[in-house]
Amino acid sequence: MKEQTLVLIKPDGLKKSLTGNILTRLSETKLDIVGTKIVQVSKELAEAHYCHLKDKPFFPELIHYIMGDYHKKKVMALVYWGEDAIGKVRSICGETNPEKADSVSIRGAYGRITTNGVYENVIHASENSKEAEREIKLWFQPDEIIISNIYPTEEIEKTIKARRWK
Ligand code: DAT
Ligand code: MG
């Protein structure tokens with residue numbers, strides 16, 4: 001089944017100049033990149049993304065980590081699309097705990113656990129289709145993704161203040 005999945009190259013991945021290596025590994029999947037951008041992660045976005053972990057003891061550190069407080073204040077967000085996208089990307093990423101992840105996986109090769117117990121595992125990938133939908137809608141607007149009808153949309157009129165080149 002064709003599906004879409006959210007990938008984040010986390011601040012440690014950007015700080016360590018791993019973007020190229022990680023994208024090369026992901027290209028093994030032969031999936032299509034249908035959206036991408038660099039994001040400065042706000043506290044609201046970080047907390048919404050990891051809302052399912054809010055009661056965990058490591059939650060405050062996790063929020064600092066994904067906001068880039070320990071590395072660089074940016075994340076590269078991508079949407080991959082294609083056959084079995086969620087499973088293929090998760091499998092190349094490896095286990096959550098970088099010490100347990102297969103050493104040829106992205107997390108196994110590049111991740112570490114800090115002395116404070118933060119899993120710096122360089123990449124996020126959606127776990128299932130429900131989470132993928134929730135996460136893609138959180139990180140991207142419909143017009144930022146080049147496949148149409150990824151999820152249902154509706155047209156609205158709004159007046160906004162925006163910047164343009166001068
Ligand atoms: P995944 O990122 O593999 O989907 P998750 O959704 O359970 O894993 O957790 C999200 C992130 O939280 C994970 O990438 C790293 C961090 N994390 C999870 N379990 C942890 C733990 N026991 N100690 C420290 N950080 C943890
Ligand atoms: Mg997860």
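Strand S3 (residues 75-83) is mostly covered, with seven of its nine residues buried. Buried here means under 20% relative accessible area, using a 1.4 Å probe and protein chains only; strands are DSSP runs of E with at least two residues, numbered from the N terminus. This is a predicted model, in which local features need pLDDT of at least 70, side-chain atom pairs count only at pLDDT 80 or more, and totals for chains, interfaces and linings use all residues. Residues are numbered from 1 along each chain as its sequence is written, and side-chain values use heavy atoms, leaving out hydrogens and water.

S3 has two partners to look at. Strand S1 (residues 2-9) pairs with S3 in the antiparallel sense over eight bridges, and Val7 has Leu78 of S3 as its bridge partner. Pairing requires at least two DSSP bridges between the strands.

Now for the ligand. Around ligand 1 there are 13 residues (each with a heavy atom within 4 Å), and Arg90, Thr96, Arg107, Asn121 and Glu127 come nearest. The table gives polar contacts, meaning pairs of N or O atoms within 3.5 Å.

| Side chain (N or O atom) | Ligand 1 atom | Distance |
|---|---|---|
| Arg90 | oxygen | 2.8 Å |
| Asn121 | oxygen | 2.8 Å |
| Tyr119 | nitrogen | 3.4 Å |

On its own, ligand 1 has 530 Å² of accessible area, and the protein covers 82% of that (Shrake-Rupley method, 1.4 Å probe).

How values were computed:
Chains lettered and ligands numbered in written order. Buried < 20%, exposed > 50% of the residue type's maximum accessible area, 1.4 Å probe, protein only. Helix = DSSP H or I, 4+ residues; strand = E, 2+ residues; numbered from the N terminus. Polar contact = N/O pair within 3.5 Å; in protein donor to acceptor, adjacent residues only side chain to side chain.
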